[in-house]
Structure formats: structure tokens, C-alpha cells
Amino acid sequence: MSSQIDHLLNETRRFAPSAEFAANAVATADLYADAVEDREAFWAAQARELHWHTPFTEILDWTNPPFARWFADGELNVAYNCLDRHVEAGNGERIALLWEGEPGDERRITYAELTDEVKRTANVLKELGIGAGDRVAIYLPMIPEAIAAMLAVARIGAIHSVIFGGFSADSLRSRIDDAGAKLVITADGGYRKGRVSPLKPAVDQALGDRGEGPQETVEHVLVVRRTDNEVTWREGRDLWWHEVVPAASAEHEALPFPAENPLFILYTSGTTGKPKGILHTSGGYLTQAAFTNRVVHDIHPESDVFWCTADIGWITGHSYVTYGPLANGATQVLYEGTPDSPHPGRWWELVEKYGVTILYTAPTAIRSFMKLGREIPQRFDLSSLRLLGSVGEPINPEAWMWYRSIIGGEKTPIVDTWWQTETGAIMVSALPGVTETKPGSAQVPLPGIAVDVVDDAGNHVGNGNGGLLVITKPWPSMLRGIWGDPERFVETYWEKFQDRGFYFAGDGARLDDDGDVWFLGRVDDVMNVSGHRLSTTEIESALVGNEAVAEAAVVGASDEMTGQAVVAFCVLKESFLKSHDVEGIVDILRRWVGEQIGPIARPRDVYIVTELPKTRSGKIMRRLLRDVAEGREVGDTTTLADTMVMSTIQSKVTKK
Ligand code: WTA
């Protein structure tokens with residue numbers, strides 16, 4: 001981390017927004033002053049941009065920390081805010097979704113059409129016995145029905161749990177079980193890299209007997225037909241979307257629900273083997289998702305074409321594909337496939353075709369485009385772009401500069417936005433028409449947001465120093481808990497700085513001489529691979545679940561392309577070694593992790609070792625393994641029980 005700090009210290013380039021951009025920007029500098037003057041009144045004003053069936057009179061209730069309640073006596077309907085109100089305001093003919101499938105098929109869906117689809121789907125859900133508070137699992141590709149499904153669940157006050165289509169049947173099952181979902185909405189498959197990637201079979205497997213009997217809470221599976229691959233069918237349980245949704249009534253009144261009604265659960269990796277179901281509620285979440293999309297992405301709904309490339313399986317897809325842009329009545333691009341299919345210029349072709357004005361994507365994507373070369377984007381007309389955003393991991397200054405000059409034509413502001421599944425919406429970012437940006441820094445907390453960088457004791461580190469990022473005051477879109485596990489919620493985020501009442505984010509950060517924030521990556525056992533959060537423990541437990549493995553240690557090693565990469569060290573069982581040929585075991589274990597968790601978790605490297613480095617108390621010293629994995633001189637080994645272990649491991653790794 002120290003070499004990274006030194007590197008960043010030398011970054012002195014500054015980019016002010018053009019006068020033209022600043023003059024037309026949604027956000028102006030006075031937002032900061034307004035928020036300072038009265039933080040709660042500031043958020044109340046943002047909340048009033050939404051439609052409230054019953055206006056709130058309370059703003060923040062923080063009498064029982066860390067359990068916050070925002071706008072708690074108000075009532076609203078989240079889907080009404082994203083759909084009906086735009087139609088009622090005369091914007092029904094505005095395009096909501098410019099959808100493009102990977103094979104090149106397209107659909108343009110207006111706000112009126114999307115509202116109609118959501119109303120019908122809401123009626124179908126009702127007929128299937130789904131009511132307020134029930135959980136619905138969504139396992140879909142990036143197709144318009146995915147958005148419609150989320151909004152239909154929200155419309156009836158139920159709770160969705162979207163599960164990324166790249167997760168395996170096992171991951172799907174544990175998430176469905178944890179939430180006790182009554183319904184799964186899926187598709188036969190989706191298109192990825194020119195092929196059909198089946199989804200329904202994984203749902204069938206997930207609901208079947210995985211060793212502890214069949215899944216018990218799911219009553220129905222609603223299936224969108226997308227790829228026409230053959231699927232098995234369970235009569236009475238399975239229903240085709242195209243049969244039931246169009247046949248349902250298009251009359252559906254959006255009823256009001258309390259502001260604190262749960263909206264969704266989204267599972268994310270923590271530092272233990274079990275994913276956490278992060279719980280978000282309605283009024284505060286929608287307020288901050290919509291506000292940040294307006295001011296950070298500078299949304300002008302009548303003229304912009306917004307494109308956030310995230311999958312709805314991640315929080316970025318929730319807040320900046322579904323809820324933020326639709327609450328603001330924006331027009332957006334929705335793309336089903338991968339960036340390189342059928343050709344490596346696919347994204348830039350879409351930017352040109354749809355005249356995208358604002359692009360929001362991840363550093364890992366930018367770095368992979370950099371590697372392919374500027375010739376590819378330069379074949380397309382990208383002049384419609386006027387603002388670029390980055391999210392998911394620290395963006396290195398080189399990638400930032402490339403993004404600005406090659407994609408942004410040397411003119412677009414870049415907003416590097418820091419936030420988390422837990423924060424629900426952007427927390428730290430430049431305001432594009434206000435801030436003079438610095439390549440590599442996320443810079444300042446948004447108006448109404450209070451963060452600090454502190455030492456282990458919770459003391460402000462001061463400019464020029466590094467420490468831990470904390471959030472010092474409750475914010476509207478903050479997580480309300482971990483589904484079914486309030487203790488873990490308190491323990492994970494609030495215990496560390498209990499006496500101060502700070503939220504501990506798990507990120508290292510540094511304040512520069514201007515007091516701007518530079519993020520330095522996670523400080524816990526969470527890895528960030530291509531902007532996806534993975535837990536070292538979760539992968540370790542998958543590895544030891546294999547019959548060959550006695551012990552496993554996983555570390556995140558820095559990787560030029562993906563930010564971090566999964567590197568595993570495994571000790572094999574004696575009994576296994578005696579009875580098996582270990583030829584090919586490395587590939588078997590890599591594949592095994594892919595099957596257990598999902599392809600994103602597949603280790604880049606697996607090293608078979610005879611022992612793991614441990615302290616005398618038996619704690620695995622991952623720091624040393626990280627040194628080896630990154631090809632560095634191994635650090636201090638004096639606390640190791642057996643100092644020989646590291647040299648044996650190192651010889652293994654270098655031999656490869
Ligand atoms: C990292 C994604 C640096 C960080 C929205 C955080 C970032 C984790 C940035 C959350 C950024 C996200 N600069 N680091 N702009 N954005 N991160 O929950 O480590 O998938 O804690 O939410 O990603 O990942 P999550």
C-alpha cells in the first residue's frame with residue numbers, strides 16, 4: 001500500500017469543468033452551504049422531490065442507533081415514483097429504456113409502456129399470493145423484464161432479492177433460503193459472449209435437493225422466455241411470463257407504503273463465509289439514489305441518454321439502472337451482453353448508436369479497453385459523451401487520464417464515485433460542474449454526507465495522512481440492517497468505533513493536503529476483483545469443501561487488469577494423496593470454486609503447498625502469502641511458528 005501512496009502523492013494534475021458545463025450543471029456549489037446550514041432540512045428538501053402519498057413530518061430518527069429511520073411517518077410508493085408520476089406529468093411517450101440484446105435485437109420502451117408492464121406484473125404477483133413484506137428472488141439477464149420485475153415487487157410493497165446471473169446453483173440456493181423467498185423470477189437464459197447462458201436449469205437445481213432436502217419456501221417460478229433453450233418444467237410451480245403477464249389486467253393502483261417499508265435485500269460478501277443480506281428500505285433509499293443520480297450524473301431527463309453498465313445483480317445496477325434514473329424520468333441504455341461481443345468495439349458502437357451522453361462504468365472495464373488500444377474506440381463517434389463516471393474500485397491515474405482523453409475527447413469531467421452496497425448510493429464524489437477534479441481521487445463527501453479518515457482509535461488523521469474511512473453521521477440510503485442478523489450488523493459496521501458512533505466502511509483512505517479523499521482499497525478480508533466483492537473466507541470454505549483439500553488460505557493479490565486477483569494456497573489431505581493422482585488438481589480446484597460460488601470467484605492461481613504460514617496461536621498469516629503472490633520479498637516472519645514454511649512456499653511459487 002505504501003508504494004501506491006507514494007505514487008499518488010506525485011499526482012498534481014487538475015481539471016476544472018468547462019464554463020459551459022458549469023453553467024448548465026444541475027448541481028451548484030451552494031448545495032454544500034445549504035447542507036451545512038441544516039443537514040436534515042437539506043435531506044428533507046431532497047426527499048420532497050419525490051411524490052409522497054402521505055407527506056412526512058419527521059426527518060431523521062436516530063434515537064436507537066445504529067438503527068436509523070428516515071421520513072418514517074411519510075408514505076410513498078417507490079414504483080409510482082419511478083413510473084406513473086412521469087406518465088401523469090405528460091411524459092409517457094418519453095423512452096425509459098433503450099434496450100439492446102447481445103445478438104443485436106433491440107426494444108425501445110416508453111415510460112407509458114413500462115408502467116403498463118409493471119402494473120400487469122404486479123397483478124400477476126398478487127394472484128400468486130405475494131403481498132407486502134414477502135420476498136421475491138430475481139435471477140435474470142439484463143433484459144427489460146428484469147427492471148419490470150424489480151418495480152412490480154416494489155409496487156406491491158414486497159421485497160426483492162436480485163441474484164447476479166453469474167452465481168451458481170449453490171449460491172442461489174443459500175440466498176433463496178436465507179431470505180425465505182416465495183417466488184423466483186428467472187429466464188430460460190440470457191446471451192453472453194455469443195452463447196446462450198442458461199438460467200432456469202440453475203434455478204431447478206437450486207430448488208432441488210442439495211443434500212438437505214428440497215427447498216421449501218418457493219411456491220412458484222415465473223420464467224421469461226429469452227433464449228428458447230430447452231427447459232424442464234414443473235407443472236403447477238412454473239409459469240411463463242409471456243403467458244401470464246400480457247393476460248393480466250393493466251389496472252393496478254399503486255398503494256402507499258411507509259417510508260421504512262423494506263424495498264430489497266442484496267447479498268454481498270463479508271469477512272466470513274456467509275454472505276450478508278444487506279437490507280434497504282424505501283423513502284430514504286429512493287431519495288438519495290435519485291438525488292445523487294441528478295447531481296453527480298448531472299441528469300437532464302429531457303435531453304440526456306444515460307448508460308450505467310452495471311448488472312442489476314449488483315448495487316450499482318439497483319441504484320443507477322433501476323431506481324435513480326427512473327425516479328428522475330431519465331432515458332437510459334440497457335445492454336444485455338459483454339463489452340467484447342461480438343467485437344471489442346461493442347460498447348463504443350452503442351454509445352454512437354444511441355447518442356449516449358453520460359457513461360458510468362468500472363475501472364476494470366476501462367483498463368481492459370486501454371489494453372486493447374485506443375484504435376478501437378477511435379473507430380466510433382463518441383462526441384455525444386459529456387460526462388464520465390467511475391465506480392467499484394480505486395481508479396488509477398493512468399486509467400483516469402485515458403478515460404478522459406480517449407473516451408471523453410479531452411473535455412468531459414470525470415466523477416469517481418465511492419460508495420458501497422451498504423451505503424445504497426454515492427457518498428464521496430466530485431460534483432461535475434463544481435469540483436476541480438484530480439485523477440485518482442474520489443475527493444469530497446457529497447452535500448449532506450459526513451465522512452472522515454481516522455486512526456484505529458477514531459481520531460481524525462489530518463491532511464497528508466492515511467487511515468480508515470468512516471461515515472460520521474447517518475444518511476438517508478444507509479443500510480437498515482443485515483437480513484435476519486441484527487447482531488452481525490452492529491458487530492460488522494458499528495462496534496469498531498462504538499464510542500464515537502461512526503460507521504466503519506472497511507476501506508483504507510488518505511487525505512491529501514487539500515483534505516481530499518484518496519481510496520486505497522479494503523483493509524479487511526474482502527477482495528475486490530473487477531469491482532466485484534469477494535470474501536477470502538468464502539472461497540476458503542469452498543476449497544476445503546473439496547474432498548482433496550485439508551486446509552486453504554486465500555489472498556487478494558494485486559492484478560494489473562482486475563485490480564485484485566484470487567490466489568489460493570492449498571494443503572492436500574494425506575489420505576487423498578495416497579489414493580489419487582494429483583495431476584490436474586489445480587484446474588480441478590479452480591473449476592470447483594467456480595461451481596461452488598460462481599465463475600467470478602475462480603482463483604487465478606492455486607498453489608499446492610505442504611503447510612501454511614501460521615502464528616504460534618494458529619492464525620494464518622495472509623500478509624506473507626500476499627507478499628509471495630505479488631512476487632515481493634517476504635516481510636517480517638518472526639511471529640511465524642515455523643519460519644521454514646515461507647521459503648518452501650516461495651520456492652513452489654517461483655518454480656511455476
Ligand atoms: C470499493 C460498489 C475506491 C470499496 C458500489 C468499497 C471503491 C467497495 C470505489 C464496495 C471508488 C467502490 N474508489 N474504491 N470509487 N467504489 N469501491 O458493495 O472498497 O460492490 O468498500 O459497492 O468497493 O463494493 P460494493
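This report covers the ligand site, the aromatic pairs and the charges over rings in a predicted model.

## Ligand site

The ligand is surrounded by 17 residues, and the closest are Asp 416, Thr 417, Thr 421, Asp 507 and Arg 533. By class, the residues of this shell divide into six nonpolar, six polar and five charged.

Thr 421 has a side-chain N or O atom 2.5 Å from an oxygen atom of the ligand. Backbone atoms also take part: a polar backbone atom of Glu 393 is 3.4 Å from a nitrogen atom of the ligand, and a backbone N or O atom of Pro 394 lies 3.5 Å from a ligand nitrogen. On its own the ligand has 530 Å² of accessible area, of which the protein covers 97%. Helix 13 (315–327), strand 20 (414–417) and strand 25 (517–522) are the elements that give two or more residues to the shell.

## Aromatic pairs

The whole structure holds 33 aromatic pairs. One of them joins Phe 56 and Phe 71: the ring centres are 4.7 Å apart and the planes stand at 45°, so the pair is tilted. Phe 56 sits in the loop between helix 4 (39–47) and strand 1 (60–61), while Phe 71 is in the loop between strand 2 (69–70) and strand 3 (75–76), 15 residues apart. Both residues are buried.

Phe 71 also forms a tilted pair with Trp 70, at 5.5 Å centre to centre and 50° between the planes. Trp 70 is buried, with a relative accessible area of 0%; Phe 71 has a relative accessible area of 0% too.

Elsewhere, one aromatic cluster consists of Trp 62, Phe 67, Trp 475, Phe 489, Tyr 493, Trp 494 and Tyr 503.

## Charges over rings

Arg 175 lies over the face of Phe 167, 4.4 Å from the ring centre. Lys 496 is placed over the face of Phe 504, at 5.7 Å from the ring centre.

Conventions:
Residues are numbered from 1 along each chain as its sequence is written. This is a predicted model: local features need pLDDT of at least 70, side-chain atom pairs count only at pLDDT 80 or more; totals for chains, interfaces and linings use all residues. Side-chain values use heavy atoms; hydrogens and water are left out. A residue is near a molecule or strand if one of its heavy atoms lies within 4 Å of it. A polar contact is a pair of N or O atoms within 3.5 Å; within protein, one must be able to donate a hydrogen and the other to accept it, and residues adjacent in sequence count only if both atoms are side-chain atoms. Accessible areas come from the Shrake-Rupley method with a 1.4 Å probe; for residues, only the protein chains shown count as cover. Helices (H or I, at least four residues) and strands (E, at least two) are DSSP runs, numbered from the N terminus. Ala, Val, Leu, Ile, Met, Phe, Trp, Tyr, Cys and Pro count as nonpolar, Asp, Glu, Lys and Arg as charged, and the others, Gly among them, as polar. Rings of Phe, Tyr and Trp (its six-membered ring) pair if their centres lie within 6.5 Å; planes under 30 degrees apart count as stacked, over 60 as edge-to-face and the rest as tilted. Buried means under 20% relative accessible area, exposed over 50%, partly exposed in between (1.4 Å probe, protein chains only). A charge sits over a ring if NZ of Lys or CZ of Arg is within 6 Å of the ring centre and within 35 degrees of the ring normal.
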